Amino acid sequence: MLTRIEAIERIVGVLDDEIVVCNLGFPSRELYSIKDSSRHFYMLGSMGMAPSIGLGLALSQDRRVVVLDGDGSILMNLGGLVTAAAQAPKNLVIVLLDNRCYGSTGSQCTYSDLIDLGDVAGSMGFNVIRFHEEPDFKRVLQEDGPVFAHVPVKPGNADVPVIDLSPEEIIERFMDEVRS
Ligand SMILES: Cc1ncc(C[n+]2csc(CCOP(=O)(O)OP(=O)(O)O)c2C)c(N)n1
Ligand SMILES: [Mg+2]
């Protein structure tokens, strides 16, 4: 099984001009340390909102939107996922980096241990792609959306620094990118 940063590295390796909305905490720090881009929106503070922001972006422009989310955050706003499934934009890809815990705050267990979030997303109408060992992210980007890629990852965070951009810098350059 990959660590979260290894999975993010592989995703970044296949991205072209997709827009990325990334879960808060270590996932965003890890993405930032692998590669920074004006195409990246690093969530700050709010768990559960990345798919909702991704949905709005997918509905309002044509580029593919890749949401990198965590199990704890997905569970905090399952309603946002239902709305995304019901709106069903073809250009929306949600990648669940499932470490079965709140990894960024000390790896306390989530209920992802008890329920299968791939099954939950499938019952909502997502095109679910499941991975176990080596994820094929090229395939994830080729499928019709809305896609829900379930990627199990090991608990633990990489030793990466905090993001040295202000919230204003993150949103302003991101919105310039999206409008262009
Ligand atoms: C509403 C809310 N509750 C708690 C927190 C504190 N918090 C920040 S990140 C995080 C864990 C997120 O877990 P998950 O989405 O599974 O991502 P992981 O770090 O495991 O990749 C928590 C509990 C928060 N930011 N917002
Ligand atoms: Mg998690």
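**Close-up views of the predicted model**

View 1. Val21 stands opposite Phe41, a residue of β2. The model is predicted: local features need pLDDT of at least 70, side-chain atom pairs count only at pLDDT 80 or more, and totals for chains, interfaces and linings use all residues. Residues are numbered from 1 along each chain as its sequence is written, chains are lettered from A and ligands numbered from 1 in written order, and side-chain values use heavy atoms, without hydrogens or water. Strand β1 covers residues 19-22, and strand β2 covers residues 40-42. Helices (DSSP H or I, at least four residues) and strands (E, at least two) are numbered from the N terminus. β1 and β2 run parallel, joined by three bridges; strands pair if DSSP finds at least two bridges between them. β1 also runs parallel to β3, here over four bridges. In β3, Val67 is the bridge partner of Val21.

**View 2. The two faces of β1.** In a regular strand, side chains alternate between the two faces of the sheet. In β1, Ile19 and Val21 point one way. Val20 and Cys22 point the other way. All four are buried (buried is under 20% relative accessible area, exposed over 50%, partly exposed in between; 1.4 Å probe, protein chains only). From β1 the unit continues with helix α2 (residues 26-34) and β2, and this β-α-β unit is right-handed. Right-handed means a clockwise path from the first strand over the helix to the second, with the strands pointing away from the viewer.

**View 3. Strand β8 and its two partners.** Strand β8 spans residues 147-152. Five of its six residues are buried, so the strand is largely enclosed by the rest of the structure. Strand β4 (residues 92-98) pairs with β8 in the parallel sense, over six bridges. Ile94 has Phe148 in β8 as its bridge partner. Strand β7 (residues 127-130) is also parallel to β8, with four bridges between them. There, Arg130 stands opposite His150 of β8. The chain passes from β7 through helix α7 (residues 137-142) to β8, in a right-handed β-α-β crossover.

**View 4. The magnesium site.** Which residues coordinate the magnesium ion (ligand 2)? They are Asp71 (OD), Asn99 (OD1) and Cys101 (O), at 2.1 Å. Donors are N, O and S atoms within 2.8 Å of the metal (3.2 Å for Na, K and Ca); water is not among the atoms, so sites may look incomplete. Along the sequence the donor residues follow the spacing D-x27-N-x1-C. Asn99 is buried, because its relative accessible area is 6%. Cys101 is buried too, with a relative accessible area of 6%.

**View 5. The largest pocket.** The volume of the largest pocket is about 240 Å³. On a 1 Å grid over the protein atoms alone, a pocket is an open set of points with protein on both sides within 12 Å along at least five of seven lines; a cavity is a set where a 1.4 Å probe fits but cannot get out, and lining residues have an atom within 4 Å of a point. Points are joined across faces, edges and corners, and the volume is the space filled by probe spheres set on them. The lining of the largest pocket holds 18 residues. Nearest its centre lie Asn23, Ser73, Tyr102, Gly103 and Ser104. β3 (65-70), α4 (71-76) and β5 (101-102) each supply at least two lining residues. α4 gives the most, three residues. By class, the lining has six nonpolar, nine polar and three charged residues (nonpolar: Ala, Val, Leu, Ile, Met, Phe, Trp, Tyr, Cys and Pro; charged: Asp, Glu, Lys and Arg; polar: the others, Gly among them).

**View 6. The second largest pocket.** The second largest pocket has a volume of about 180 Å³. It is lined by 13 residues. Asp98, Arg100, Asp116, His150 and Pro152 lie nearest the centre of this pocket. Its lining has five nonpolar, three polar and five charged residues.

**View 7. The cavity.** How many cavities of 30 Å³ or more are there? The count comes to one. The volume of the largest cavity is about 30 Å³. Its lining consists of Ile11, Val14, Leu15, Val66, Val95, Phe137, Val140 and Leu141. Two or more of these residues come from each of α1 (4-14) and α7. α7 gives the most, with three. The class division is eight nonpolar, no polar and no charged.

**View 8. Gly56 in helix α3.** Gly56 sits in α3, residues 50-60. Is Gly56 buried or partly exposed? Gly56 counts as partly exposed, because its relative accessibility is 36%. Gly56 and Ile115 are 59 residues apart in sequence. In space, 27 Å separates Gly56 from Ile115, C-alpha to C-alpha.
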